[in-house]
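This report walks through selected features of the structure shown below. Please keep the sequence at hand while reading.

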Amino acid sequence: MTDLVGSPETTEAVDRIGLRRRRWTGDLTFRGVLAALAVGTTLILGFMMVGSFVTAAPVYQKFGIIGFLTGTKWEPSFTIYGAWPFIYGTVLTSLLALLIAVPISVLIALLLTDLAPARLRGPLGVAVDLLAAVPSVVYGLWGLLVLVPVMRPFEQGVAGTLGKVVPFLGPPTPGPSYFAAAVILAVMTVPIISAVTREVFASTPRLQREAVLALGGTRWDVARTVTIPIGRAGLLAAIVLGLGRAIGETIAVTLVVGNSNNIGTSIFAPGFTLASVIANEFNEATETLHPEALIALGTVLLVISVLVNAGAITIRDRFTGGLRSGF
Amino acid sequence: MTTRSEDPLLAVETPQMTASVADPGGVPGARPEPAAGSARPPTEVAMTVRDLSAWYGQRRAVREISLDIDARAITAIIGPSGSGKSTLLRCLDRMHEVVPGARSSGQVLYQGVDIYDPMIEPAAVRRTIGMVFQQPNPFPTMTIYDNVAAPARFNGVVKGKAAEDDLVQRCLTRAALWNEVKDKLRHGGTSLSGGQQQRLCIARALALEPKVLLMDEPCSALDPVATLQVEELMSHLKADYTIVIVTHNMQQASRVSDTTAFLTMGEDRAGYLVEVGPTSEIFTSPKQQLTEDYISGRFG
Amino acid sequence: MASEAVAAFAPTDRRRRVKANLLVICAAIALILALIPLVAVFGYVFVNGIRSMLSLDFLIQDPPADLSATGGGVRNALVGTLEMTGLATLIAVPIALGMAVFAVEVGGRLAQAARFLIDVLAGLPSIVVGIFIYTSVVVTQGHFSGLAGSLALAIVMLPVVTVSAEEILRLTPRPIAEGARALGLTRWRAIMSVFVPVGLSGIITGILLGVSRAIGETAPLIFTSLGNNFFTLDLNQPMQALPLLIYRNALNSAFDAARDRAFGAALLLILIVLGFNLAGRWLTARRRLAGSSR
């Protein structure tokens with residue numbers, strides 16, 4: 001740029017007009033402090049993560065990683081621990097929950113961005129978002145004392161009819177079950193999935209939407225040919241985000257899932273998820289290796305959750321330009 | 001940090017600057033008509049631009065511009081949209097590089113020193129070369145008083161309440177705003193009209209005691225009355241400050257400025273300098289055909 | 001005439017029209033399905049909890065040691081919740097602001113990595129956060145404590161506040177950002193004295209949302225503050241919190257007294273959480289109305 005760099009003439013001239021660069025400005029300390037903060041926080045969280053694995057190590061050593069993950073027996077009094085029933089429960093309840101929540105969320109998103117009169121969209125949107133504000137323990141309480149008894153006759157009906165053909169939908173129907181947990185999880189994930197999906201649909205290019213309408217298309221055509229296809233990636237991100245939330249939900253699930261160590265054969269059977277068994281057994285975990293085994297389950301949950309969430313973030317950032325909902 | 005009593009423009013001698021014969025009177029365009037064919041009478045030069053080019057990422061916005069900015073005069077930069085006027089202006093106080101991906105090459109000399117010299121702190125440059133923007137932008141969370149005083153306080157220009165009070169009054173007076181706001185100094189910065197807000201921004205820039213004032217289309221967001229106020233203000237200010245103004249309003253340029261530089265977009269879509277000279281010359285007998293075309297409204 | 005006008009446009013074929021109407025109907029049903037739990041939860045909690053809440057004792061007495069006994073209140077839980085959440089806020093907010101400023105102003109690889117971490121943290125099950133604090137703090141200290149609970153809640157709050165603050169800072173209107181730079185303000189001066197005040201209401205909204213989330217959390221507290229039947233202000237002791245109390249009483253809900261207590265506490269909790277949530281939304285709405293000068 002300039003041929004006067006660093007020469008004594010420049011320094012003098014620069015000093016004279018008072019424009020000298022100051023070495024240790026407030027800015028540098030500022031940046032330093034912030035960087036230390038970011039690094040420090042990262043390190044502390046990383047340290048905690050490692051600490052959990054370290055605590056759980058004895059259990060992994062005893063059963064082997066694969067052995068622990070696939071073990072189907074969980075009997076603390078015999079010091080036998082296997083994670084599979086809980087992994088099964090987590091996957092089952094989450095997928096069932098998504099099965100219920102996703103269509104509902106997509107329909108709501110369409111309603112609130114396209115189909116409903118503009119005046120209603122705001123308040124209705126707030127109402128749906130409020131679903132997310134209710135603490136999970138309250139959902140659990142309500143689920144246990146209200147939802148489960150109410151659903152029971154319906155469950156018995158299904159189990160008695162379809163259940164005869166498909167054992168998966170059959171008895172037993174004690175009330176608290178995978179299905180009950182899935183319903184509660186669905187209620188809790190609808191606000192998340194629909195919030196993100198609403199943002200995605202709202203950013204559908206107007207040009208395309210209006211093109212379909214101008215050609216005589218109905219709103220259904222718009223949704224079918226423009227809104228949903230264009231929002232595919234964002235929709236996927238929303239679903240994965242909801243999945244992440246469903247996987248980790250603890251208290252609401254604990255209260256309604258039935259608390260059984262077995263792998264239930266029907267969705268109406270009681271069971272456990274990774275999160276709910278930890279919550280349920282932790283305070284009474286006095287057997288050998290019991291606490292460590294529960295923490296090991298926690299590490300499994302941690303890994304699954306990080307993978308799912310990292311996936312959601314990657315999809316979101318890569319395909320949707322970083323939309324973030326207010327959660 | 002220079003103080004007001006010293007005037008480094010006169011004190012320093014470098015090869016780039018000629019001895020000063022201060023321009024008599026501040027009336028725009030009233031300098032003696034140069035004899036046909038002769039060079040302009042020697043004036044003091046505040047800044048010199050040499051071969052300045054600027055890019056936004058891969059796209060070049062300004063191509064190799066060289067010109068002198070006279071001290072204590074108003075230099076107008078005119079040209080059609082996209083000709084790089086604002087980019088050029090922003091290069092003069094290192095605001096161009098604030099945009100992510102933006103860069104520049106060439107030199108901008110202030111008192112013989114290139115402001116892009118790595119030894120120099122950009123923030124320091126901006127305290128000496130101030131800027132007023134197109135859209136008035138007083139800080140909404142500060143009072144009128146603080147809008148003027150705070151930047152000066154942060155930069156160490158004043159210390160102590162008495163000095164601040166004095167500075168605020170001085171600057172608001174220079175910006176022809178004091179009488180209108182002296183009773184509401186504690187009101188919010190955005191509680192004023194557009195023209196008043198712009199004058200507040202000018203006062204704020206003046207509080208840092210700059211030597212040069214850059215103005216990027218300062219009147220285009222204002223109504224005609226406010227525009228007139230700001231133009232009058234400029235003619236008074238040029239007695240003490242060097243002013244560079246970008247404007248798309250040719251009448252304003254011819255009304256207000258002493259020197260005019262005409263930029264236009266080249267074939268490579270980068271702006272370049274077509275012609276620069278005394279305002280009266282540019283507007284009555286420009287040397288370039290392009291200038292003539294622009295002035296007479298044939299394009300732009 | 002109108003009928004001629006209508007006839008001039010060929011009607012959409014019946015199938016598509018039916019599908020379009022069906023879509024709207026299904027969407028409306030979906031909305032109703034989603035809102036039924038909202039109404040139902042509020043309704044039940046209100047109806048079953050209001051009796052407890054109406055008595056002042058509920059707020060100023062501690063619960064009985066035997067959950068099946070009637071009477072008593074939730075004082076220790078309420079105070080515990082407020083205390084732990086308060087401390088969590090004090091811890092989380094400066095860190096969150098710092099990280100937000102770091103991401104926006106300093107940028108670069110390090111900031112991107114930190115931001116990714118925060119995003120992952122946002123999706124982490126709160127029970128895992130509880131485990132983190134358990135293995136690092138509770139085990140080291142040798143006992144459960146309100147302090148550990150506060151730390152867990154702070155980690156839960158951190159991503160919410162950080163993301164919010166970061167977005168607000170990024171949305172600083174360009175004229176203001178440029179104005180501050182053009183006045184020669186150093187970066188930290190510009191942030192502290194201009195950008196943060198300008199974005200303050202947005203940042204506060206983020207904090208309120210974070211608080212409303214932390215107040216309702218149960219799982220992280222199970223391993224950290226554990227819960228306490230007695231009243232204490234001492235953060236070094238195990239501490240009770242509203243969600244914990246609700247949980248324990250829900251587990252014992254065969255007893256009417258426990259059931260009533262659970263609903264009463266749930267109503268109290270919902271009111272508090274809603275209060276913060278709606279306050280945050282109100283601030284946002286006010287900001288939007290005030291226009292770009294904010």
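A salt bridge here is a side-chain nitrogen of Lys or Arg within 4 Å of a carboxyl oxygen of Asp or Glu. The model is predicted: local features need pLDDT of at least 70, side-chain atom pairs count only at pLDDT 80 or more, and totals for chains, interfaces and linings use all residues. Residues are numbered from 1 along each chain as its sequence is written, chains are lettered from A and ligands numbered from 1 in the order in which they are written, and side-chain values use heavy atoms, leaving out hydrogens and water.

## Salt bridges

Side chains of opposite charge can pair when their charged atoms come close. Over all chains, the count is 25 salt bridges.

| Pair | Closest N to O distance |
|---|---|
| B:Asp268 and B:Arg63 | 2.2 Å |
| B:Asp146 and B:Arg153 | 3.1 Å |

Start with B:Asp268 and B:Arg63, a salt bridge at 2.2 Å. B:Asp268 sits in the loop between strand 9 (259–265) and strand 10 (271–278) of chain B, while B:Arg63 belongs to strand 2 (residues 59–70) of chain B, so the pair ties together parts that are 205 residues apart in sequence. Helices and strands are DSSP runs numbered from the N terminus (helices: H or I, at least four residues; strands: E, at least two).

How accessible are these side chains? Three classes apply: buried is under 20% relative accessible area, exposed is over 50%, and partly exposed lies in between (1.4 Å probe, protein chains only). B:Asp268 is partly exposed at 36%. B:Arg63 is partly exposed at 31%. For the second pair, B:Asp146 has a relative accessible area of 25% and is partly exposed.

B:Lys287 is exposed, at 67%. Elsewhere, salt bridges that share partners join B:Arg90, C:Arg174 and C:Glu178 into one network.

## Helices of chain A

Chain A has 14 helices and zero strands. Of its 327 residues, 54% count as buried.

Helix 4 (residues 84–115) of chain A has 32 residues. From first C-alpha to last, helix 4 reaches 44 Å, close to the 46 Å expected at 1.5 Å a residue. The expected span is 1.5 Å times one less than the number of residues. Where does helix 4 of chain A bend? The bend is about 30 degrees, at A:Ala101, and a proline, A:Pro103, follows within four residues. A bend is the angle between axes fitted to the seven residues ending at a residue and the seven starting there. In helix 4 of chain A, 25 of the 32 residues are buried, so this helix is largely enclosed by the rest of the structure.

A:Asp114 is found in helix 4 of chain A. A:Asp114 is buried, with a relative accessible area of 7%. Its side chain makes a polar contact with the side chain of A:Arg209 at 2.8 Å. A polar contact is a pair of N or O atoms within 3.5 Å; within protein, one must be able to donate a hydrogen and the other to accept it, and residues adjacent in sequence count only if both atoms are side-chain atoms.

Helix 6 (residues 136–160) of chain A has 25 residues, yet its end C-alpha atoms are only 32 Å apart. A straight helix would reach 36 Å at 1.5 Å a residue. Helix 6 of chain A has a kink of about 45 degrees, centred on A:Gly143.

## Positive phi in chain B

Most residues other than glycine have a negative phi. B:Ala176 has a positive phi, near 55 degrees. B:Ala176 lies in the loop between helix 5 (161–174) and helix 6 (178–181) of chain B. At 43% relative accessibility, B:Ala176 is partly exposed.

B:Glu217 also has a positive phi, near 45 degrees. B:Glu217 lies in the loop between strand 7 (212–216) and helix 8 (224–237) of chain B. B:Glu217 is buried, at 13% relative accessible area.
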